[in-house]
Amino acid sequence: MKYFLLLIFILFMQCSKSAMENKAVETTEKNGYYTEKYRPQFHFSPEEKWMNDPNGMVYFEGEYHLFYQYYPDSTVWGPMHWGHAVSTDLVHWEHLPIALYPDSLGYIFSGSAVYDSLNTSGLGTKENPPLIAIYTYHDPILEKQGSDVYQTQGIAYSTDKGRTWTKYESNPVLKNPGIKDFRDPKVRWHEPSGKWIMALAVKDHISFYSSPNLIDWIKESDFGHDLGAHGGVWECPDLFPLDYNGHEKWVLLVSINPGGPYGGSATQYFIGDFDGKTFTTDQKTTLWLDYGADNYAGVTWSNVPNGETLFLGWMSNWAYGMLVPTEKWRSAMTVPRKLSLYQHEENYRIKSEPVEALNSLRNEAISMPEVKLTNSRHTFEKPIDLAEINLDVTQATSGTLDFIFENEAGEYIKLSIVPEKHEIIFDRSKAGKTSFSEEFNSIHRSPLLFDPASFNIRFYKDESSLEIFINNGEQVITELFFSDEPLNKLTIQASGEAILKNIKTYPIQSIW
Ligand code: FRU
């Protein structure tokens, strides 16, 4: 009996040891999820491998869909698929299986998705209208053969909340007229004309097409041969209306690569009018949606409840996107932003504010007393590794104001506001890894779009990105950085005078 009890005891100890070991494995696995060096904690990034543009963004039955250019076999660009994720709050994301795979017509390049609520395509039923994805086919074989017609537009449909997609049997729905760059269809319903409108990037301009059913398309007009920036090819357009005090204006986003303000890729925009056929503008200057280097190919969600215009961009740049020092995955999206119009002098401009839903990630605010600087600097005591930092600034019109995110190892990134020169400068050249690309290692200067005497500034700082929103997004700067150690201290320094008020830091929770 004694031996029997001993045996039972030994067996019991063995079982609980292995249960504990299993638990330990489980815990490390969970803890290891999205904890790699540089892994964004509150931005969308794929679990692994290569991602570029956001695609097919559509809201449907409580879910924001995010598809994205995805290559599941490598951490550099390759044959494109549409990866897929959904979110109910625009903040937390659930990864779903790849939605669209390349086929005999080619890779699946960028495009959009719409809810065909009237079943105009006939690809669903009246009772269960379909979601339709409209995307570019890029045929690598034709391309290799030296043909000009390797990009065409195809569609696919889903009648199960975007979970499975069927490609339309008579693809492509829009053939190539003999122009190499012919891609990235962004489609919306145009109520006054009762038609679908497609904005398509065609080399150095945008072409508009219309369709009653998403299948038969006719060309309406061209825009932009001789307007805006033309240092590279035009890509990923988006056309949408925005209201300003009861006045409707139409906005056309156009991404361009290369030829952005810092050489690589960037997104410009035009504000004008659209009559269902033609986009017109009297805008003379080139306007950029973001004055940082890392917001590209961004477009807006379709079918958003209460008509909000919600935007997401690829937080990288073709100049070095495939070289950034992350190992398991490459690239992330910006935080989602709400676009609206504001008036700047005589003209309209776009304001991009972080969506309010991001506030749900805030931990308790750390408020700090007012700081007065006169040729001096102030370092905030609290560490700010993952944080939203919000403050109001008044400053003299002479001298420079620097915001420096730094660490004990001497690494830093710096934003400088120089009222005298009417300039804002972002410097990431002293933050750890920069030598993987000369184009990454540069200092970015842009014009001030706001009054520097008095402004609000908000930073969203993640593990390897900083997004800066001035006056709720009148000027936005999105920049990546790859410091060896976390940049967990903020120093503000003024040559001249500055007063910092209403300083609030919110530590931010990880979404993963
Ligand atoms: C923009 C882009 C698109 C194209 C896609 C390919 O970043 O070049 O024009 O459809 O990426 O991945």
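Me: Why is F274 called buried?
Reply: This is a predicted model. In it, F274 has a relative accessible area of 8%. Buried means under 20%, so F274 is called buried. F274 sits in strand β15, residues 266-274.

Me: What does F274 touch, leaving out residues up to four places away in sequence?
Reply: F274 touches H190, I197, F208, L239, W250 and F279. Contact here means heavy atoms within 4.5 Å. As for L252, its C-alpha is 9.6 Å from that of F274, and the two are 22 residues apart in sequence.

Me: What makes Q69 a buried residue?
Reply: The relative accessible area of Q69 is 2%. The cut-off for buried is under 20%, so Q69 counts as buried. Q69 belongs to strand β2, residues 63-71. Beyond four places in sequence, the contacts of Q69 include W50, D53, M80, W82 and F109.

Me: How do you know that the side chain of Q69 makes a polar contact with the backbone oxygen of I108?
Reply: The side chain of Q69 reaches that oxygen at 3.0 Å. A polar contact needs N or O atoms within 3.5 Å, one able to donate a hydrogen and the other to accept it.

Me: Which residues are closest to the ligand, and which elements give two or more residues to its shell?
Reply: The closest are D53, Q69, R183, D184 and W318, in a surrounding set of 13 residues. The elements are β1 (49-60), β5 (107-115), β9 (182-190) and β13 (233-244). By class, the shell holds 6 nonpolar, 3 polar and 4 charged residues.

Me: Why is P325 called partly exposed?
Reply: P325 has a relative accessible area of 22%. Buried means under 20% and exposed over 50%, with partly exposed in between. P325 is therefore partly exposed. P325 lies in the loop between β19 (310-314) and β20 (329-330). Beyond four places in sequence, P325 contacts Y38, K433, F436 and F482. P325 and T434 are 109 residues apart in sequence, yet 9.1 Å apart in space, C-alpha to C-alpha.

Me: Why is N245 called exposed?
Reply: N245 has a relative accessible area of 69%. Exposed means over 50%, so N245 is exposed. The loop between β13 and β14 holds N245. N245 has a positive phi of about 50 degrees although it is not a glycine.

Me: What makes N303 partly exposed?
Reply: N303 has 40% relative accessibility. That value falls between the 20% and 50% cut-offs, so N303 counts as partly exposed. N303 is in the loop between β18 (296-300) and β19. Its phi is positive too, about 65 degrees.

Me: Which bond joins N257 and P258?
Reply: A cis peptide bond joins them, with omega about -10 degrees. P258 lies in the loop between β14 (247-257) and β15.

Conventions
Residues numbered from 1 in each chain as written. Predicted model: local features only at pLDDT ≥ 70, side-chain atom pairs only at ≥ 80, totals over all residues. Heavy atoms only, no water. Near = heavy atom within 4 Å. Helix = DSSP H or I, 4+ residues; strand = E, 2+ residues; numbered from the N terminus. Nonpolar A, V, L, I, M, F, W, Y, C, P; charged D, E, K, R; others polar. Buried < 20%, exposed > 50% of the residue type's maximum accessible area, 1.4 Å probe, protein only.
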